[in-house]
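Here is a brief report on one protein structure. Please look over the sequence and the model before reading on.

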Amino acid sequence: MTTEMRKTGVDVVGDIPWGTHFCLFYETRADLLETLVTYCKVGLENQEFCLWVVAEPLTWEDATHALRRAVPDLDQYLADQSIEIVAARDWYLQDGTFDLNRVINGWNEKLARALARGYSGVRVTGETAWLEKKDWKDFCEYEESLNHAIAGQRLAVLCTYPLAACGAAEILDVVRTHQFAVTKRRGSWDVIETAGHKQAKAEIKRLNEELEQRVLERTSQLTAVNSDLTKEVLQRQRAEEALRRSEGYLANAQRLTRTGSWAWNVATRQSVYWSQENYRLLGFDPDGGIPSDEVFYQRIHPEDRDRVRRETILERLDEGAHFDVDFRIVLPGGAIKYVRSTGHPVRNISGDLLEYVGTSIDVTERKRAEQATGLLAAVVESSHDAIVSKNLDGVITSWNKGAERLFGHTAEEAVGQNITLIIPLNRRDEERMIVERLTRGERVDHFETVRMRKDGSLLDVALTISPIKDAADRVIGASKLARDITERKRAEEALRQAQADLAHVSRVTTMGELTASLAHEIRQPISAAVTNAKTCLRWLARDEPDVAEAREAASRIVNDVTRAADIIGGISSLFKKGSPQRELVDVNELIREMIVLLRSEASRYSISIRTELAEDLPKVMADRVQLQQVFMNLMLNGIDAMKEMSGGSELTIKSEAENGELLISVSDTGTGLPPGQADQIFRAFFTTKDNGTGMGLPISRSIIESHGGRLALIGHSGRGATFQFTLPATLAAHA
C-alpha cells in the first residue's frame, strides 16, 4: 500500500493519496471542463497515465480541444499514449450492458500496462451523465466496490455527476459510495454534507460527551493503574523495540558476514531452528521448512560426509563436546561452497544436555584465497627469477629462492636490509626514479639495468616492478621480479658482431666483384692528372713560361687527384671493419658518392643512372658505411637485373621527405621478378643470381630496421622492380 501524495489540480481538494475515490457535482459544462482539464494536466505533468471517460454534455472533440489550450504538448502525449479519451458507452456499456467486474478489471488492466511502461500510476475521471434509471443500482454497487478495488493501488478516480440530473436520493447514494464529494455552484466550491451525515455527527458528538463524562468519572480510579500500565507498556515497548532492533542487527550481521545460526534438539534429534541466512547459505528454501538431518547430509560433498558425521553431534552426542568442522556443500546448480560449522552444547541447571546451538559460516572466498595464496607462494618459491618485495623506504620484506640463487644472499641475510644491498653505487639514481613512478601507482615493465651479487660481481637484469597497495588503495611498497639477462646480452652482442662480420664479408665480396669497374673509375682521374701535369710542364718549359695556363693546369691536377682520393676513400671505408658509428649523414650526398663508385659498372652495360633527389632533405643519424652497403646492394641488384637488356636501361634513385619520414627508392627497368618470388627475396640464402650468396637483401633489411626504418619491394609486376626504404622522423635532423 502506498501513501504517496499526488496533486489533484483542484484547489479545494489539494493533494490526495493513491487509492482515493471522490466525486464532483457540477452545474455547467464550463465548470466541468475547467476542473477536468486541470485534473488531467497535473497528472500528465507528474508522469501519470490519464484516462478521461467522456459523455454528454462533453464529446471527445470538446475534451481534446480544451486540453490542447492548456497542454501545448498534447499531441505528443496522445502519440505516446500517455492519455486516452474514450466514450462512456464504449467503456461502461460494452455489448449494451453494464458489467461491474468487467469495468473494474478494465481499470486494473490499464494500471498494469501503465506501471509496466514506467508511469507513476493511473489517474481516471469518468462522466455519469449517460446513466439511466435501470442502471443506477448496479452503478452504485460498482462505485462502492471501486472503493475496495483501488485501495492500496496507484489509482486515483474522480467521478463527475451533473447536479441537474441528481435528486436527493441519488446525491445521498453518490456521497455514500465515495470517500468525499465536492461541488461547484455559481463559481464557488462547497463540501456536500447530507442530513444523515449531520445527524451522524450530532450523534457522535452526544456519544463523545457521554464518553468524556464517563472517562472523567473513571479517570481518578484509573490514574494510578494507568500510570503503572503506562510504565509497563513503555517498558514492554522498549523491550520489544530493542528485541526487534537486536533481531534486525543480527539478521544484517549474519547477512553481511555470511553467517547462519541453528539449534538442534538432543531429545528429538532434529533441528529446531534455522536462521534465514542459514537457509540461504546452505541452499534451502525457507518455505519448505527445516530439512531433516538426512536431507542436509545429502547436500554435503560425498568426500566430506563421513568425516562430518564423525566430527559433529551425530556420532559424538554422548560427549556433549564443542566442535568445529570444515566441509563442502554441493548446491542444486552444482556450485560448491566451503562452510565452517561450529556447535556448542547447552545444558540445564542439572547438567543434562538439552541442545546444540551453533553457526554456519561461508568460508568459500577465504578457502579460495588460501588456495590461491598457496599456489602463488609455490610459484614464487619455485620461480627461477628473483621475486623481491620492499616497502617505500626500500626495506626488503620478502626474498624468494630465485633471489637467493641470483644475488647470492640468503633470505635471512636480505630481509630487513635496504634494497641498495644489490644496487651498484652508479645505479642508485634509478631507484629514486622507480619509487617516484610507483608512488603514482605506475607499473615499471622490462626495465633493463645492472645489479650486484653478494661477491660484488655485476649482472645484467630485466626488472618488472608493480606497486603494492593497502585496502585504502594507497601504495605502500613494491614487488620486483628480476630476470638474469646476462647470457641474452652476451648472445645479442655476439649476434651483433656476427652480423657486422657478415656485412663486412658481404661488402668485401662485392667490392672484389667490382675490381675492374673500380680500377677504371680510379684510372680516369689519375690519367687526367697525368695529362694535366704534362700540359703544365709544357707551359712552364716555353721560352716565356705561361704561368696562368700552368696554374690552370695545376688546378685541374688538384681536382683530378682529389677525385681519385675520394674514390679511394669511399672504397677504403667499405673495406674497413669496425663497430657501427652513428653520425649525421646527408643521404643525398651518400647517393652521389655511390653513383661515382658504381658509374663505371653501369656504363659497362650501357645503363644510365638518373636521380630525383629532394632539396633540403633532413640529415639522418646513421652509420655511413652501413647505409653505403644498402645503396651498393640495391644499386648493384638493379644493374644485374638489366645486364641482359638491350638499350634504354635506366637505374633511378629517388629521395623525398613524406609524413615525417625519409623515403628512398631504387628502381630498375630490368626483367622484374618471377611470380611467387616476391615474398622470398628477403629470406637468407635465397637468390635469383647464378653466383649470388642470397645475403645482400637480408643484410640490407637488417641494417634499415636497426635504424628504425623499413625496407620493402613495392613494385615488381611487369618490367623492372622498385625497392624502397624509410627512416623515421624521430632520427632525422635538418642540416
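## A pair between strand and helix

Glu84 is partly exposed, because its relative accessibility is 25%. This model is predicted. Glu84 forms a salt bridge with Lys110, and their closest N and O atoms are 2.8 Å apart. Glu84 belongs to strand β5 (residues 83–87) and Lys110 to helix α5 (residues 100–116), so the pair ties together parts that are 26 residues apart in sequence. Lys110 counts as buried, at 14% relative accessibility.

## Other salt bridges

The count of salt bridges comes to 41. One of them joins Arg483 to Asp385, with the closest N and O atoms 2.5 Å apart. This pair links distant parts of the chain: Arg483 lies in strand β19, Asp385 in the loop between α12 (364–382) and β15, 98 residues apart. Arg483 is partly exposed at 45% relative accessibility, whereas Asp385 is buried at 13%.

A network of salt bridges links Glu4, Arg6, Glu48, Arg123 and Arg154.

## A five-stranded sheet

Five strands make an open, antiparallel sheet, in the order β16-β15-β19-β18-β17. Strands β16 (396–399) and β17 (444–452) stand at the edges with a single partner each, so one side of each has no neighbour in the sheet. On average, neighbouring strands are turned by 30° against each other, direction ignored.

Nine bridges join β18 (residues 458–469) to β19 (residues 475–484). Ile465 stands opposite Lys480 in β19. Helix α15 (residues 428–439) packs on the sheet and touches β15 (386–391), β17, β18 and β19. The direction of helix α15 makes about 155° with that of β17.

Key: Residues are numbered from 1 along each chain as its sequence is written. This is a predicted model: local features need pLDDT of at least 70, side-chain atom pairs count only at pLDDT 80 or more; totals for chains, interfaces and linings use all residues. Side-chain values use heavy atoms; hydrogens and water are left out. Two strands pair if DSSP finds at least two bridges between them. Helices (H or I, at least four residues) and strands (E, at least two) are DSSP runs, numbered from the N terminus. Axes are lines fitted to C-alpha atoms, for helices over the stretch in contact, and angles run from 0 to 180 degrees between N-to-C directions. Contact means heavy atoms within 4.5 Å. A salt bridge is a side-chain nitrogen of Lys or Arg within 4 Å of a carboxyl oxygen of Asp or Glu. Buried means under 20% relative accessible area, exposed over 50%, partly exposed in between (1.4 Å probe, protein chains only).
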